[in-house]
Protein chains: 2
Amino acid sequence: MLIGELAERAGTTTRALRYYETQGLVRPARSASGYRVYDEAELRVVREIRSLLAVGFGLDDIRPFVACLRAGNTSGHVCPDSVAVLRRKLAEVDAGIERLHAVRQELREQLAHAIAQREETCLRSRRTR
Amino acid sequence: MLIGELAERAGTTTRALRYYETQGLVRPARSASGYRVYDEAELRVVREIRSLLAVGFGLDDIRPFVACLRAGNTSGHVCPDSVAVLRRKLAEVDAGIERLHAVRQELREQLAHAIAQREETCLRSRRTR
DNA sequence: GTTTGCCTTGACGTCGGCGGCAAGGTCTAG
DNA sequence: CTAGACCTTGCCGCCGACGTCAAGGCAAAC
């Protein structure tokens with residue numbers, strides 16, 4: 001399988017695949033003419049990368065998962081390093097949710113305050129008429 | 001007030017203040033020798049910028065608030081444009097919270113699955129001994 | 001007068017995950 | 001033999017809010 005086909009099957013682009021390679025996440029074989037050649041295992045790796053990216057992981061976070069897959073596991077999640085990352089990310093997400101809730105609260109207050117101010121101004125202007 | 005003092009009083013850096021100026025958010029007067037000179041109103045503007053940045057606004061989103069302050073309002077939130085931005089941001093935050101909840105759910109499932117797999121592997125290895 | 005400490009503009013660097021383009025090699029069908 | 005559809009490497013661009021020099025001017029203290 002060449003890079004174009006892999007890109008299509010994995011739902012990404014050749015550019016991204018070459019980038020993953022520079023980051024040491026994918027290691028294709030090379031044909032005699034220098035073309036990158038991928039097997040089914042690499043397809044699984046790329047799909048793992050994509051699904052983790054979609055969840056908000058960075059490529060650094062993904063590295064352990066790829067290593068885990070390469071070590072022969074059917075899932076990239078079962079290795080200790082992967083689990084550690086999962087735990088950390090979960091904590092990060094929890095923190096993010098909390099932060100957003102605080103922000104949301106703040107925004108609602110500011111909105112309420114702004115609208116109250118506007119109503120007041122509106123009333124005053126009516127009285128003036 | 002010169003730029004260094006403003007930076008300190010607003011809890012930011014001179015670099016940031018100059019950047020806000022390039023973005024048209026702050027407009028200091030100039031001394032005879034070309035130094036930027038700020039008054040108290042500009043301090044209020046900068047504090048508004050900072051607090052909105054901290055909440056996750058971009059400088060583009062902040063522009064209406066600054067205009068509102070400059071228009072003579074005591075709060076930058078009371079003008080229609082500001083309220084529109086507040087509403088939009090609130091919606092964005094809500095969307096973000098939802099997304100994070102979905103991600104969180106996914107992470108918990110993956111974690112649970114990974115741990116279950118590891119327990120199973122552990123049990124199998126005990127039986128083999 | 002000189003040191004110290006502020007100020008000025010300008011230009012390049014950062015982070016992440018690529019996109020886009022150029023110049024060239026390869027492979028296959030007609 | 002050639003067209004066109006792949007592939008290669010390499011390098012710059014992007015986004016946003018600045019950080020980090022560099023080279024030089026201005027102000028006040030000693």
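## Annotated regions of chain A

The unreviewed UniProt entry marks residues 1–68 of chain A as "domain: HTH merR-type". Such annotations may be inferred rather than shown by experiment; their positions follow the numbering used here, and feature names are shortened. This is a predicted model: local features need pLDDT of at least 70, side-chain atom pairs count only at pLDDT 80 or more, and totals for chains, interfaces and linings use all residues. Residues are numbered from 1 along each chain as its sequence is written, while chains are lettered from A and ligands numbered from 1 in the order in which they are written.

Residues 1–68 of chain A are 63% helix and 6% strand. The end C-alpha atoms of that span lie 23 Å apart. Helices (H or I, at least four residues) and strands (E, at least two) are DSSP runs, numbered from the N terminus. The unreviewed UniProt entry also gives a "coiled-coil region" at residues 90–117 of chain A. That stretch is 100% helix and 0% strand, with its end C-alpha atoms 40 Å apart.

## Overall form of chain A

Chain A has five helices and two strands. From the N terminus, their order is α-α-β-β-α-α-α. The radius of gyration of chain A, taken over C-alpha atoms, is 25 Å.

Of the 129 residues of chain A, 26% count as buried. Buried means 20 or more other C-beta atoms within 10 Å of the residue's own; exposed means 12 or fewer; partly exposed lies in between; C-beta atoms are placed from the backbone.

## How the two chains pair

The contact takes 29 residues from chain A and 29 residues from chain B. Two residues are in contact if their C-beta atoms, placed from the backbone, lie within 7 Å. On the chain B side, helix H5 (residues 80–128) gives the most, with 24 residues. That side divides into 13 nonpolar, nine polar and seven charged residues. Here Ala, Val, Leu, Ile, Met, Phe, Trp, Tyr, Cys and Pro are nonpolar, Asp, Glu, Lys and Arg are charged, and the others, Gly among them, are polar.

The same surface serves both copies: 100% of the contact residues of chain B recur in chain A.

## Around the DNA

DNA strand C is surrounded by 17 residues; the closest are Arg15(A), Ala16(A), Ser33(A), Gly4(B) and Arg36(B). Near means that a residue's C-beta atom, placed from the backbone, lies within 6 Å of the molecule or strand. Helix H2 (14–22) of chain A and helix H1 (3–10) of chain B each supply at least two residues of this surface. It has eight nonpolar, six polar and three charged residues.

DNA strand D also has 17 residues around it, and Gly4(A), Arg36(A), Arg15(B), Ala16(B) and Gly58(B) come nearest. Helix H1 (3–10) of chain A and helix H2 (14–22) of chain B each supply at least two residues there.

Terms used:
Rg over C-alpha atoms; globule rule 2.2 N^0.38 Å.
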